[in-house]
Amino acid sequence: MAALPRVNNGAARLLPVLTMLVAALATILPVRVPGYAALTPAFTLMAVYHWTIYRPDLLPAVALFTVGLAEDLLTGAPVGVGALVLLLARAAVLQYRRYFVNRAFPFVWSGFTLLAGTAMLGLWALHCAVDLSLLDLRNTVFRTVVTIAVFPAASFLLGRTQRRLMGAARLAGAA
Amino acid sequence: MIRPSAQFRAAVQRTTPPVLILLSAAIIMLGKADEAMFDSVRTRIADTAAPALDALSWPLGAAGSAVDRVRGVFAMYQDNLRLERENERLLQWQQIALRLTADNRQLRGLLKAVPDGAVSYVTARVIANSGGGYVRTVMINAGNDAGLVRGQAVTTGEGLVGRLTEVGSRAARVLLITDLNSRIPVVVESSHVSAVLAGDNSERPRLVYLGESNAVKIGDRVVTSGEGGVFPPGLPVGMVAALNPAGPRVEPYVELSQLGHVLVVDYGLSTALPQPVTVTPHAVRRGKQVAGDEAGR
């Protein structure tokens, strides 16, 4: 992996992990819109995708594992399911990171579409395995669509905070 | 101090993700083998996060009520007409209820019946959902410190919401009646058919183990039966909304996506005076057809 610009500021180094925590908390906020609880966008997945493409050095696997476990414990899901999906997503994005680093947003968004589809399907399969019953797939499909639709907003926010705190004019990365 | 070599550190960094992946899989299987293993961890993390969630969710609740108020202003005229009609109907019901209460007291005296246990309530606010459609729970900002105990029923003024599954010191988790794991013994009021209300993560839970499925009609009121001592009997749950071959679907009285404040029912024997459960316009609106039929008689 080519060198990414060093970030010496301690607070800035923690930024990706902090955004992951914010994403986990955002997932459980009680928004009073009918049907929202079943269709909550997967904010943590969006954060993992963004940071693994642009600053994988600042989002280590251990932090991801911890945040994933915390999210599972807070949402009441079987412990470890969210952590597993996030870790696998990170591994997948790391593999193909170089195709997305210096590209325009629409390309990055379509990459996320692929990741979201696969990750949500995997999440559904895991829940079916843990519950030993076939769960409804329609809800997962709707939730995937909502997640993909909300991604531009999340990406915008993440990009802005990243740029402000790290002061980088261009997001450097491996060619 | 021994500094690990760069090679060693690189090796560790390379192997960490696969190790963590295996660790997550192991945790999933552990959680499956022993259901209660992570309960204490879960309650502890809920207690830790509860103050933050409480603060974060408060603006959402305030925004929700502000939106309601604006909507209320626009609907004021229609609401006024509707409320006047409901008020007339409720006054008729009040007369019937007073008469029935008097009869009830007389008959109980004749039978020397044992009085019901006193019921008291703890009010709490919903501070977190469970995001994603696989689990239907909410977190409330009251726990052991407020006297809550696992298994207690949670209601609003309109009907049953669910029951407490994990109770920490500052926060507790409520399993909603729509969750996949929720099973509630109920009875269809008009025909006295007992059944179990089984959630399946959809908006409308099903009635299973129905005694006589022919006796159930659309519009029937479903209340808790109190069987097994799980819930207090007579708590309104919902109305039969559809008759599917897999089982009738019940539309809950409570709007589960709009939960703000809830009441946790303590059906223990306490010396405090029982507090009345207020009937709100919403509950009457949903059961309007049934009420209209009976009051008109």
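**Reading the model piece by piece**

Modeller: Let's start with helix H2(A), which is mostly covered: 12 of its 12 residues are buried. Buried means that 20 or more other C-beta atoms lie within 10 Å of a residue's own; exposed means 12 or fewer, partly exposed is in between, and C-beta atoms are placed from the backbone. Helices (H or I, at least four residues) and strands (E, at least two) are DSSP runs, numbered from the N terminus.

Biologist: And where does this model come from, and how do I read the labels?

Modeller: It's a predicted model, where local features need pLDDT of at least 70 and side-chain atom pairs count only at pLDDT 80 or more, while totals for chains, interfaces and linings use all residues. Residues are numbered from 1 along each chain as its sequence is written, and chains are lettered from A and ligands numbered from 1 in the order in which they are written.

Biologist: Which residues are buried in H2(A)?

Modeller: Among them are A:Phe43, A:His50, A:Trp51 and A:Tyr54.

Biologist: Now the strands. How do I read pairing?

Modeller: Strands of a sheet pair through backbone hydrogen bonds, either parallel or antiparallel. Here, two strands pair if DSSP finds at least two bridges between them. In chain B, six strands close into a barrel in the order E1-E2-E5-E4-E3-E12, with antiparallel pairing. Ignoring direction, neighbouring strands of this sheet are turned by 45 degrees against each other on average. H2(B) packs on the sheet, touching E1, E2, E4 and E5 of chain B, and its direction makes about 80 degrees with that of E1(B). Axes are lines fitted to C-alpha atoms, for helices over the stretch in contact, and angles run from 0 to 180 degrees between N-to-C directions. Contact means that the C-beta atoms of two residues, placed from the backbone, lie within 7 Å.

Biologist: Which strands does E4(B) pair with?

Modeller: Strand E3(B), residues 153–155, pairs with E4(B) in the antiparallel sense over three bridges, and B:Val154 stands opposite B:Gly162. A hairpin through four residues joins these two strands. On to E5(B), residues 172–176: five bridges join E4(B) to this strand, again antiparallel. There B:Glu166 faces B:Arg173, and another hairpin of four residues makes the link.

Biologist: Is E4(B) enclosed or open?

Modeller: Seven of the eight residues of E4(B), residues 160–167, are buried, so the strand is largely enclosed by the rest of the structure.

Biologist: How many residues does each chain bring to the contact?

Modeller: Chain B brings 37 residues and chain A brings 38. On the side of chain B that touches chain A, H1(B) gives the most, with 10 residues. By class, that side has 19 nonpolar, 14 polar and four charged residues. Ala, Val, Leu, Ile, Met, Phe, Trp, Tyr, Cys and Pro count as nonpolar, Asp, Glu, Lys and Arg as charged, and the others, Gly among them, as polar.

Biologist: Where is A:Leu132 found?

Modeller: A:Leu132 sits in the loop between helix H5 (105–131) and helix H6 (137–166) of chain A. Its phi is near 55 degrees, a positive value in a residue other than glycine. A:Leu132 counts as exposed because it has 7 C-beta neighbours inside 10 Å.
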